[in-house]
Amino acid sequence: MTGRKTEVNQAAPQTPTQSPSSLQASPARPADTPFRLLVLNDMHVAMPGTPYHHRNTAAIFRRTLETLCRSRRPDLLILNGDLCATVPDPATYRYIARLLHQLQLPALALPGNHDDPRLMHRSFPHPAHVLADQGAPLVLTCPDDPYCGWARLHDWGITWLNSYDHRVSQAQLDWLQDNAAHLHADHGNILFIHHPPAAVPSRFMEAHYPLYNRDSVLAAIEQLPALQRIFCGHYHRSYEHPRLPLSMVNSSLYSIDPESPNHRVLHHNPGYAWIELTQGLHYTVAELPENMLQG
Ligand SMILES: [Fe+2]
């Protein structure tokens, strides 16, 4: 597999965080067996016969997923928002859900600004159920929003937030602030959110579609114990933040030129992230060759 990539290893905290007594031990899993996550962002799937950016994006999504799953069998897929091309479409959600079923691939489908969480809920299992099925002994969700929650999975904390309307709701922020101090996991926390909760260089996206309340969101996120990394997308570029533990994963469909004031498509190399969770966090942010999208 070729393409641009960033590989990073992060050691787990030197002193494991003590879990609250209410948490139970995770199911036994050999320490050297990684839990493998494939992350795709901004798939913008349109149904066949409805080209998006002159592309059959349903076929591209299928090919991307099949290629990545063939080469590296993930334990869990994270669809980190913008599953739909333009407007939320129940047929698109059904198409993606069918494909996941065919590939027998458990998936956490999270909403982006081109999605409707209420429609997604009809086609995809609740994130809490997905993580419980993966063996998470404790899953907590925001009472006001199932697309906001936390799970302790193989001694990692996995948090997800809903930014579908370009902000994280006050209900989610309140929930996170009320619970953050208790969201302990031995190896620390990783977080998935569609929008970047901090400024990322991209002239067009920063000017038109930032996360509106990102300062409040970042302040709440930073309360998570032993925060290891935030994975986001939305800006259609790969980026490693120089000061924050924040990785932006490029769209699995096309890149937007970060230097342009306009929505200028730069290339169509599908981006993805590969995460392996063991005692530490190992992740790769990469892009596949463009030629896999032809045909
Ligand atoms: Fe987006």
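**Exercise 1. State how β3 pairs with strand β4 (residues 107-110), and name the bridge partner of L79.**

Solution. Strands β3 and β4 pair in the parallel sense, over 4 bridges. Pairing here requires that DSSP finds at least two bridges between the two strands. Helices (H or I, at least four residues) and strands (E, at least two) are DSSP runs, numbered from the N terminus. Within β4, L79 has A109 as its bridge partner. Right-handed means that, with the strands pointing away from the viewer, the path from the first strand over the helix to the second runs clockwise.

The model is predicted: local features need pLDDT of at least 70, side-chain atom pairs count only at pLDDT 80 or more, and totals for chains, interfaces and linings use all residues. Residues are numbered from 1 along each chain as its sequence is written.

**Exercise 2. Find the strand that joins β3 through 4 bridges, and describe how the chain crosses between the two.**

Solution. Strand β2 (residues 35-40) runs parallel to β3, and 4 bridges join them. V39 has I78 as its bridge partner in β3. From β2 the chain passes through helix α1 (residues 57-71) to β3, a right-handed β-α-β crossover.

**Exercise 3. Decide whether strand β3 (residues 76-80) is enclosed or open, and sort its residues by direction.**

Solution. A residue is buried if 20 or more other C-beta atoms lie within 10 Å of its own, exposed if 12 or fewer, and partly exposed in between, with C-beta atoms placed from the backbone. In β3, 5 of the 5 residues are buried, so the strand is largely enclosed by the rest of the structure. L76, I78 and N80 point one way, while L77 and L79 point the other way.

**Exercise 4. Give the strand order of the open sheet of 7 strands and identify its edges.**

Solution. The order is β5-β6-β7-β8-β9-β11-β10, and the pairing is mixed. β5 (138-142) and β10 (239-240) are at the edges; each has a single partner strand, so one side of each lacks a neighbour in the sheet. Inside this order, β9 (residues 227-232) and β11 (residues 246-248) pair in the parallel sense over 3 bridges. F231 stands opposite S247 in β11.

**Exercise 5. Determine which side of helix α7 (residues 214-221) is buried, and by what.**

Solution. The buried residues of α7 are R214, V217, A220 and I221. They cover an arc of only 125° around the axis, which places them on the same side of α7. The arc is taken from the directions from the helix axis to the C-beta atoms. Their cover includes α5 (170-179), β8 (189-192) and β9.

**Exercise 6. Characterise the surroundings of N189.**

Solution. N189 lies in strand β8. It has 23 C-beta neighbours inside 10 Å and therefore counts as buried. Two residues are in contact if their C-beta atoms, placed from the backbone, lie within 7 Å. Setting aside neighbours within four places in sequence, N189 has contacts that include G157, L183, P225 and L227.

**Exercise 7. Name the residues that touch the most other members of the largest nonpolar core.**

Solution. A nonpolar core is a set of buried Ala, Val, Leu, Ile, Met, Phe, Trp, Tyr and Cys residues joined through C-beta atoms within 7 Å. The largest has 76 residues, of which V39, V45, L79, L108, Y272 and A273 touch the most other members. Not counting residues up to four places away in sequence, A273 touches, among others, V39, F231 and S247.
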